[in-house]
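Dear colleague,

I am passing on a structure that may be new to you, and below it you will find an account of what turned up when it was examined. Please keep it open beside the text as you read.

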Amino acid sequence: MISFRRSLAGSLLLLFVFGCLSDAHALPAFARKYGLRCSACHESWPMLNYFGQKFKDNGYQLMNDRDSPIWQNPSYWPVTFRITPIWHRFSTGRVAVDEYAGGAITGSTEQRVETSGFDLSGLDFHTGGTLEKNISFYVLPSSDSTGAFHFETVMGRLDNIWGSPWLNIKLGKFELDNLLSEKRILTLTANGGIYQTYHFIPVGDGNIFGQIGDNQLGVEYLGHSMDDRTRVSASLISSNDGNVNLSLGSNSYTGFFTASQAFDAGRLGVERVGFYVMAGQAATYYRTSSGVPIPGSGIGNKGFERVGFVGQFYFGPHFDIQVVTQHGSDNAWFGQGYGNAVGTDGDGGVTCTTSTGCPPNNIPGTVLPATARAPSWNGATFEAHYVYNPQLIFIGRYEFINMSQQANTTNASNLGNIQTYTVGYRYNPFMSSRAGFAWHNEYNWLHRDGVGPQPGQNLDVSELLLGFDFDF
């Protein structure tokens, strides 16, 4: 199976390389409103091009007399559904599997576990646009593959306040201002469908609050020049990883700050460089009732930060490379597993009890072990796209994350390090203002040091996915 995996990955990688040698949230609703093709805003839906980013920054407006919904045909309804039927094959290199004798468990052995079959993604139900000129909104109820819904995005925005593109305010639950957007990612596998750099948590760490890739609850200021070459943003969000009902800290906040500058490189295209900073505090001590943490009672705030560089580099009309780097660090309390003591689910409900157990809670008198340190790490994402034409795009991504200081002096220096690559392509046989459809093929391989079933063992996980990705 190892040789099969390597040959398959090699074949897909060669397909990507040789393809490079040749000459949405996507909303068809927006294309219908303005009479544009989807390719006007997307390199390949749902990934935005430069014009699409400018359209988004303007509050889903072209800044013309068609922006206000009062001028639209009454039959216009700004709604898009997206779902993906797939076939995928998932392989985990080392799993502790029980052995039986006489109807009883006698021990365990390590085995590779593989599964394959047909499946579904969740359903996204997008609606967005303008309520009036310079007042925009976006609402996204989203379900998992079982049909359990939550609100992924709910935000209202005041655009071009006092006629200035430098004054835009957003309030609600929204994606942080990431130039390499995870919500518009082109890949769909479990590990390749997210950016590991945005979600990394060291082994044993309890800080769920520094998730750059997750939609967060708060307020955002965005300013940009008329041509969108210069962009700045600042967000103040609750330190609760987007959970509702104030279920975690009672008074903890995080700031997310970005700035970028684009410049015209002639025939190469419009290049952009920038930086981001995420810095905040979150609870480590939750007051309890009969030993169970009380939701929303978190205090004992400790700090964390994520800082990095962002680059978007175009090499002509077909090929680009996008780069994100990150240096992250958590307070030593997070490194020892303190943080999310109430064990919330995606909707803020408490899932831990005295019988099921709860994560560590920094109750009065708790002392960190002498071996505890503040964990820190460095990582980077490199994602390349080759747009053969508006209907066919090849994708290649490599990510690595290396620990620079472990949470415990007794840990191996490489514990939890990640390497992963993803390759694939999307073919759109048609693109229209009514619907989008893509034939999607992708392979992801992820390696992590020291997290196997036995101490010191590494773990490899891979997934091959084929499917129809469509919206309408």
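A salt bridge is counted here when a side-chain nitrogen of Lys or Arg lies within 4 Å of a carboxyl oxygen of Asp or Glu. Please bear in mind that this is a predicted model. With that rule, a search of the whole structure gives 10 salt bridges.

One of them joins arginine 157 to aspartate 159, whose closest N and O atoms are 2.2 Å apart, and both of these residues are buried. Another is formed by aspartate 177 and arginine 231, with 3.0 Å between the closest N and O atoms. This pair links distant parts of the chain, since aspartate 177 sits in the loop between strand E9 (168–174) and helix H4 (196–199), while arginine 231 belongs to strand E11 (residues 230–238), 54 residues apart; here too, both partners are buried. Arginine 397 and glutamate 383 make a further salt bridge, at 2.7 Å between the closest N and O atoms, and it connects strand E19 (residues 392–405), which holds the arginine, with strand E18 (residues 376–389), which holds the glutamate. Arginine 397 and glutamate 383 are both buried. Finally, Arg82, Arg426 and Asp469 are linked in a network of salt bridges.

Turning to the aromatic rings, the count comes to 16 aromatic pairs. In the pair of tyrosine 398 and phenylalanine 400, the ring centres are 6.2 Å apart and the planes stand at 35 degrees, so the pair is tilted. Tryptophan 439 and phenylalanine 468, by contrast, form an edge-to-face pair, with 5.6 Å from centre to centre and 65 degrees between the planes. Because tryptophan 439 lies in strand E21 (residues 436–448) and phenylalanine 468 in strand E22 (residues 459–471), this pair ties together parts that are 29 residues apart in sequence. Tryptophan 439 is partly exposed, at a relative accessible area of 29%, and phenylalanine 468 is partly exposed as well, at 39%. Ring pairs also link Phe81, Phe125, Phe470 and Phe472 into a cluster.

As for strand pairing, strand E13 (residues 270–282) and strand E16 (residues 302–314) run antiparallel over 11 bridges, and glycine 274 stands opposite valine 310 of E16. Strand E16 is also joined by nine bridges to strand E17 (residues 319–330), again in the antiparallel sense, with phenylalanine 313 opposite isoleucine 321 of E17. In the hairpin that E16 and E17 form, four residues lie between the strands, and glycine 316 takes a positive phi near 95 degrees.

Notes. Residues are numbered from 1 along each chain as its sequence is written. This is a predicted model: local features need pLDDT of at least 70, side-chain atom pairs count only at pLDDT 80 or more; totals for chains, interfaces and linings use all residues. Side-chain values use heavy atoms; hydrogens and water are left out. Two strands pair if DSSP finds at least two bridges between them. Helices (H or I, at least four residues) and strands (E, at least two) are DSSP runs, numbered from the N terminus. Buried means under 20% relative accessible area, exposed over 50%, partly exposed in between (1.4 Å probe, protein chains only). Rings of Phe, Tyr and Trp (its six-membered ring) pair if their centres lie within 6.5 Å; planes under 30 degrees apart count as stacked, over 60 as edge-to-face and the rest as tilted.
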